[in-house]
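User: Please take me through how to read the features of this structure, one at a time.

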Amino acid sequence: MKTIERFEFDTRIHHAVTHNGVVYLTGQVGTPGTSAAAQTKEVLEKIDRLLDQAGSDKSKILNAILWLDDFRDFDEVNKVWDAWIDKEHAPARSSGQVRLAKPGMLVEVIITAAV
């Protein structure tokens, strides 16, 4: 049986879990009340940190799911994403609009990556 590793416990969840060569990140969110671009930058910094802890990096992202509170922020979020992601290693990605957990949250990103 492969070892399961867990990183950054917070209240009821771990923010990253690795198993069988794959790291799964919980949905990462930014500070409510800031702009969609600022929240996206904050989220991507968290993703970089968590992937590093798990022995991975953004070049190994397999799948990304972006949830936006308002799809009118899509272009703003994409500008930040495009500056961050290496086009040669861009993952499969999906985006959708949902009501996020707290008022003022505009962006949530869920990542699955190889270790």
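Analyst: Start with A114, which is found in strand β7. Strands (E, at least two residues) and helices (H or I, at least four residues) are DSSP runs, numbered from the N terminus. Residues are numbered from 1 along each chain as its sequence is written. This is a predicted model, so local features need pLDDT of at least 70, side-chain atom pairs count only at pLDDT 80 or more, and totals for chains, interfaces and linings use all residues; side-chain values use heavy atoms, with hydrogens and water left out.

User: Is A114 buried, partly exposed or exposed, and what are the cut-offs?

Analyst: Buried means under 20% relative accessible area, exposed means over 50%, and partly exposed lies in between (1.4 Å probe, protein chains only). The areas come from the Shrake-Rupley method with a 1.4 Å probe, and for residues only the protein chains shown count as cover. A114 has 23% relative accessibility, so it counts as partly exposed.

User: What does a nonpolar core look like here, and which residues have the most contacts inside the largest one?

Analyst: The general idea is that in soluble globular proteins, nonpolar side chains tend to be buried together. A nonpolar core is a set of buried Ala, Val, Leu, Ile, Met, Phe, Trp, Tyr and Cys residues joined through side-chain atoms within 4.5 Å. Here the largest has 26 residues. L25, I47, L51, W81, V109 and I111 have the most contacts inside it. Two or more residues come from each of β3 (22–25), α1, β5 (61–68), α2 (74–84) and β7 (107–114). Helix α1 gives the most to this core: seven residues.

User: How many salt bridges does a search of the whole structure find?

Analyst: Three. The test is a side-chain nitrogen of Lys or Arg within 4 Å of a carboxyl oxygen of Asp or Glu. In one of them, R49 pairs with E8, and the closest N and O atoms are 2.9 Å apart. R49 lies in helix α1 and E8 in strand β1, so this pair ties together parts that are 41 residues apart in sequence. R49 is partly exposed at 38% relative accessible area, and E8 is partly exposed at 29%.

User: Where do E42 and K46 lie?

Analyst: Both are in helix α1, four residues apart, which is about one turn of the helix. E42 and K46 form a salt bridge, their closest N and O atoms being 4.0 Å apart. E42 is partly exposed at 23%, and K46 is partly exposed at 22%. Another bridge joins D70 and R72, with the closest N and O atoms 2.6 Å apart. R72 is exposed, with a relative accessible area of 73%.

User: Which residues gather in a patch of negative charge on the surface?

Analyst: E45, D48, D52 and D57. Patch residues have over 30% relative accessible area and no salt bridge; like charges are joined within 9 Å, and nonpolar side chains (Val, Leu, Ile, Met, Phe, Trp, Tyr) within 5 Å. Asp and Glu count as negative, Lys and Arg as positive, while His and the chain ends are not counted. The charge is placed at NZ of Lys, CZ of Arg, CG of Asp or CD of Glu.

User: Is E45 buried or exposed?

Analyst: Exposed, because E45 has 55% relative accessibility. E45 is found in helix α1. Its C-alpha is 9.8 Å from that of Q28, 17 residues apart along the chain. D48 lies in helix α1, residues 36–53. D48 is partly exposed at 31%.

User: Where does N20 lie?

Analyst: In the loop between β2 and β3. N20, not a glycine either, has a positive phi of about 55°. N20 is exposed, with a relative accessible area of 52%.
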